[in-house]
Amino acid sequence: MQKKQSIAVYPGSFDPVTYGHLDIIHRAAKQFDTLVVAVLNNAKKNPLFTVEERKVLLHQATRHLPNVEIDSFHDLLTNYMNSKNAQIIVRGLRAVSDFEFELQMASTNRKLNEDVETFFMMTNPQYSYLSSSIVKEVAKYDGTVTDLVPKEVEKALREKYNYLQK
Ligand code: PNS
């Protein structure tokens, strides 16, 4: 009998993708047949980058990973999971402070679809302090983000903030 293909979804805002996200993507891609990185299209969050820009940056950072797909979604995650025939949600945990929100999300998703499992991965301690918000804050005030995000993201941040300042 043929083994069922495992399709995992790593959802998030990715505004923009950081080395912390990429650490999770690299490791999760080794565990599942397909990993879909899904950008939430949520206008309410007032993002710095458009969904298309975030997807391009994710494509650039993951082009060497053949089983990673980049996509976006705009409704309930569990509906999106059904549309992709996916059973696993991947989330990264950086610190205890992440736990409460993640527990709430995982429990809600389980309530909405009990066949969906959330798998948590501990972020590499090297990136435990890192978030997209911190990266934006540093870049906004002209700090160096070289060790926090890929080159293309650094360039995109510079362009965005120079543009915003005009
Ligand atoms: O990177 P983020 O902002 O922490 O990701 C949060 C995300 C996108 C995973 C979460 O907000 C989400 O899944 N939103 C979709 C709406 C939904 O399904 N809500 C119910 C579960 S809380």
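1. Terms first. Ala, Val, Leu, Ile, Met, Phe, Trp, Tyr, Cys and Pro count as nonpolar; Asp, Glu, Lys and Arg count as charged; the others, Gly among them, count as polar. By that scheme, the lining of the second largest pocket divides into four nonpolar residues, one polar and five charged. Please note that this is a predicted model.

2. Second largest pocket. The space in this pocket is about 180 Å³. Its lining consists of Phe 49, Glu 53, Val 56, Leu 57, Gln 60, Glu 152, Lys 155, Ala 156, Glu 159 and Lys 160. Helix H2 (51-62) and helix H6 (151-165) each give at least two of the lining residues. H6 has the largest share, with five residues.

3. Largest pocket. Its volume is about 1,100 Å³. It is lined by 40 residues, and those closest to the centre are Gly 12, Ser 13, Lys 45, Arg 91 and Phe 101. The lining splits into 15 nonpolar, 16 polar and nine charged residues.

4. Thr 78. This residue is found in helix H3. Is Thr 78 buried or exposed? Its relative accessible area is 4%, and the cut-off for buried is under 20%, so Thr 78 is buried. Leaving out residues up to four places away in sequence, Thr 78 touches Asn 109, Leu 112 and Asn 113.

5. Overall fold. The protein chain has six helices and five strands. Read from the N terminus, the order is β-α-β-α-β-α-β-α-β-α-α. The radius of gyration is 16 Å, close to the 15 Å that the globule rule gives for 166 residues, so the chain is as compact as a globular protein of that length. Along the principal axes, the C-alpha atoms fill a box of roughly 60 × 35 × 30 Å.

6. Packing and surface. Of the 166 residues, 47% count as buried. Among contacts with a separation of 6 or more, 74% are between residues 24 or more positions apart. The accessible surface of the chain is about 10,000 Å². Carbon and sulfur atoms account for 53% of that surface.

Terms used:
Residues numbered from 1 in each chain as written. Predicted model: local features only at pLDDT ≥ 70, side-chain atom pairs only at ≥ 80, totals over all residues. Heavy atoms only, no water. 1 Å grid on protein atoms, 1.4 Å probe; cavity = no way out; pocket = protein on both sides within 12 Å on 5 of 7 lines; lining within 4 Å. Points joined across faces, edges and corners; volume = space filled by probe spheres on them. Helix = DSSP H or I, 4+ residues; strand = E, 2+ residues; numbered from the N terminus. Buried < 20%, exposed > 50% of the residue type's maximum accessible area, 1.4 Å probe, protein only. Contact = heavy atoms within 4.5 Å. Rg over C-alpha atoms; globule rule 2.2 N^0.38 Å. Areas by Shrake-Rupley, 256 points an atom, 1.4 Å probe, with all protein chains shown as cover.
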